[in-house]
Amino acid sequence: MSPFERIGMDNLLSAEELEFAEKMRHFYRTEIPEDIRFRNAIGQEMSKDDIVTTQRILNKHGYAVPNWSQEFGGQDWTPVQHHIWLEEMQLASVPTPLPFNASMVGPVIDTFGSQEIKERFLPATANLDIWWSQGFSEPNAGSDLASLKTSAVKKGDTYIVNGQKTWTTLGQYGDWIFNLVRTDPNVKKQAGISFLLIDMKTPGVTVRPIQLIDGGAEVNEVFFDNVEVPVENLVGEENKGWTYAKFLLGNERTGIARIGQSKVALARAKAYAQATKTSAGTLLDDPLFAARITKIEAELTALEFTQLRVLSTQEKGMDRPDPRSSVLKLRGSQIQQDITELLFDVVGPQGLDFVDSDEVRKTLPHGAGDAMPHYFNYRKVSIYGGSSEVQRSIISKAILGL
């Protein structure tokens, strides 16, 4: 492990926390297949099998969903221990548990669902026996999510769902989708929303891929045409879905900071720069390039200090979003984008031939050929989970009181 990977961390932790970090570090590097970790470390896209394999190993040892209640696989850890669990996972290049399962729908069901719906879904969700998709955004309801129009009309013991969701990440793998639906159109928009679970094999559900600028089809449109959903698939109370959605987004924003992942990506950029020869030595010797790296390192360290400060004062088992998570999401997104830009700049014009030039790929550092698609793909991180503009609005109102 490079000294940079540990920057800031060890100086902030107690002896017990350092011992816990070493335990996690050893587990990730001995129990998770090395070939999966290597592919993840060099930026290759993780396959569905890679993600499922990893999560099932984590779940077997009690490390897949530590943020859930202990009854369903959670751990009685402090907020700082949760941070260490994720940080060490990312530093070891272990694919993180599928966020739709582990940090989105799982905590919502665990916190607001009935005992029956918990027992029905949570074990399979933790073990990735169910691959969940997220049905939140719509063509005209993205940042203004409460304007969603997908309807669920109750008829007897079923809801009839009609509408469209978009930007459904990895929806092509989805078994079930957790949906925000409008169950009461006659009240203010936030008040008439419910949280509904839908089997994606139900007649009337159609998934259509969206071609992206990075060459992939990671996201999808999902259409609902008179889809019949049992009333028992409602989570919590009808028309309380906006409360559950805010809780979910608060959990999502903290994880989106991805500090450990950014450290690994920045270490990659430095290694590529060291391997890139210039007239004065290597690209890493260039003062302007070195200054860019130093600036990102300082910002990343400051973000980690901020996250640990937030965690050290966070109430255990909060059932409401912490508005300070918006600070982490805002800055974490910006840093991730800065690093992908740095990686792309190291590769230079050669990266433009990443699609169909094996000869060019051979001249690049191992894994660097993915720099360009990653650069384009990461434009999304300042949008999903609430755009940067939305985060600034939350910070100004909920933290600064403006």
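1. A word on terms before the strands come up: two strands count as paired if DSSP finds at least two bridges between them. Keep in mind, too, that this is a predicted model.

2. With that in hand, take the sheet around strand 7. Strand 6 (residues 205-210) pairs with strand 7 in the antiparallel sense, over six bridges; Ile-210 has Val-219 as its bridge partner there. Strand 3 (residues 158-165) also runs antiparallel to strand 7 (residues 219-230), and seven bridges join the two. On that side, Lys-165 stands opposite Val-222.

3. Now the inside. The largest nonpolar core has 62 residues, and the members touching the most others are Tyr-28, Trp-132, Phe-178, Phe-195 and Leu-197. Domain 1 (10-97) and domain 2 (132-239) both contribute residues, so this core lies between them. Another core, of 21 residues, lies apart from it and includes Ala-273, Ile-296, Ile-335 and Ala-371.

4. Leaving out residues up to four places away in sequence, Leu-197 touches, among others, Val-105, Ile-109, Phe-121, Trp-132, Trp-176, Phe-178 and Val-235.

5. On to the rings: the count comes to 16 aromatic pairs. In one of them, Trp-132 and Phe-178 have ring centres 6.3 Å apart and planes at 55°, so the pair is tilted. Trp-132 sits in strand 1 (residues 132-135) and Phe-178 in strand 4 (residues 176-182), so the pair ties together parts that are 46 residues apart in sequence. Trp-132 is buried at 0% relative accessible area, and Phe-178 is buried at 0% as well.

6. Tyr-375 is partly exposed, at 21% relative accessible area, and Phe-376 is partly exposed at 24%. The charged end of Arg-379 sits over the Tyr-375 ring, 4.1 Å from its centre.

7. Asp-338 is in helix 10 (residues 325-347) and is partly exposed at 29%. Not counting residues up to four places away in sequence, Asp-338 touches Ile-296 and Glu-299.

8. Neighbours within four places in sequence aside, Thr-54 is in contact with Ile-32, Ile-36, Val-94 and Pro-95.

Methods
Residues are numbered from 1 along each chain as its sequence is written. This is a predicted model: local features need pLDDT of at least 70, side-chain atom pairs count only at pLDDT 80 or more; totals for chains, interfaces and linings use all residues. Side-chain values use heavy atoms; hydrogens and water are left out. A nonpolar core is a set of buried Ala, Val, Leu, Ile, Met, Phe, Trp, Tyr and Cys residues joined through side-chain atoms within 4.5 Å. Buried means under 20% relative accessible area, exposed over 50%, partly exposed in between (1.4 Å probe, protein chains only). Domain bounds come from an automatic or database domain assignment. Contact means heavy atoms within 4.5 Å. Helices (H or I, at least four residues) and strands (E, at least two) are DSSP runs, numbered from the N terminus. Rings of Phe, Tyr and Trp (its six-membered ring) pair if their centres lie within 6.5 Å; planes under 30 degrees apart count as stacked, over 60 as edge-to-face and the rest as tilted. A charge sits over a ring if NZ of Lys or CZ of Arg is within 6 Å of the ring centre and within 35 degrees of the ring normal.
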